[in-house]
Amino acid sequence: MSGIFTISIFQSALELGCIYALVALALFISFTILNIADLTTDGCFTLGCAVGAVVTLVGHPFLALIAAMISGAMAGFITAFLQTRLGVESILAGIIVNTALYTINIAVMGFSSLINLFGCDTIFSLGKDGFVNTIFGDWYKVVTVALIVAVIALALWWFLGTTLGMSIRATGDNAEMVKSSSINPTFTITVGLCLANSLTGLSGCLIAQYQKSADINIGTGMVTIALASLIIGQTLIGNKGSTIRRILGTILGSVLYRFIVAIALRMSVPAEALKLVSAIIVAVAIAMPYVRKKAALKKREFANYRGNREVKDNA
């Protein structure tokens, strides 16, 4: 077991878990709050990766983060426009935008399937220089992404407590009801999807700078990974309670998911099988609340059966 759980695995899981937590938070907004199955995630992640890589390549790593968020918000706006203005079903709208983004992404990358960022300054290389003489040492990547995720989590918590944020939450609960309250669901859905996809774009930019490369296929299966992280967090923390608790649960779920993947790789699971592992994790996480509920029901039925049998035996 000591060969499986090492400091390097722990550190890598924290780094990647925090980066991918932004995508999980994006699904928290679209899937959990707005109750919309947004399938733009895969293409939007690659879009953020491509835009971030291009801007980083010209020497602006921090501007790359903003550019990636803006590009992600634009993708979310198109998805919302198809849904709210043209009457396209949410799943189909996401598929349409996701398909279109492939061409856009490869165009952003100069019609190349790969961009290398070796030799370029990134927020991680700058963070290394900033933390070189501090107690963090080799943990500079963890500190860098943790600070970004903490800022995003606090900002999201604050936003969801505002009037607009509560309107978005109300839209997800009952879109027809909010119309009678003078709330425009078209606007709230658009804002929610733009916000969600901006986080996905930011995550893509961070992974490009983290890996020092951008690949046209990097976003494939991202929605499954994010959904697994989201459901793991909801299973552990619960889908009820305060907003900040649910946000922290989503982040925790992302980190735990990366731990599971890291352990699977250390146990000689082929890299080609990781998609299957992700699907199994999602299935188990989704089924777990139902299984626990059924197990509790069977336990009560068995207890009642034993109680009735004891009463009959005593009679």
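Q: In which helix does Pro-289 lie?
A: A helix here is a DSSP run of H or I, at least four residues long, numbered from the N terminus. Pro-289 lies in helix 12. This is a predicted model, where local features need pLDDT of at least 70, side-chain atom pairs count only at pLDDT 80 or more, and totals for chains, interfaces and linings use all residues. Residues are numbered from 1 along each chain as its sequence is written, and side-chain values use heavy atoms, leaving out hydrogens and water.

Q: Why does Pro-289 count as partly exposed?
A: Buried means under 20% relative accessible area, exposed over 50%, and partly exposed in between (1.4 Å probe, protein chains only). Pro-289 counts as partly exposed because its relative accessibility is 38%.

Q: How far apart are Pro-289 and Thr-235 in space and in sequence?
A: C-alpha to C-alpha, they are 6.9 Å apart. In sequence, 54 residues separate them.

Q: Which residues have the most contacts inside the largest nonpolar core?
A: A nonpolar core is a set of buried Ala, Val, Leu, Ile, Met, Phe, Trp, Tyr and Cys residues joined through side-chain atoms within 4.5 Å. The largest one has 77 residues, and Leu-25, Phe-28, Leu-206 and Ile-207 have the most contacts inside it. Helix 1 (residues 7-33) gives the most to this core, with 13 residues.

Q: What does Ile-207 touch?
A: Contact means heavy atoms within 4.5 Å. Leaving aside residues up to four places away in sequence, Ile-207 touches Leu-16, Ile-19, Tyr-20, Phe-45, Cys-49, Ser-213 and Ile-218.

Key. Helix = DSSP H or I, 4+ residues; strand = E, 2+ residues; numbered from the N terminus.
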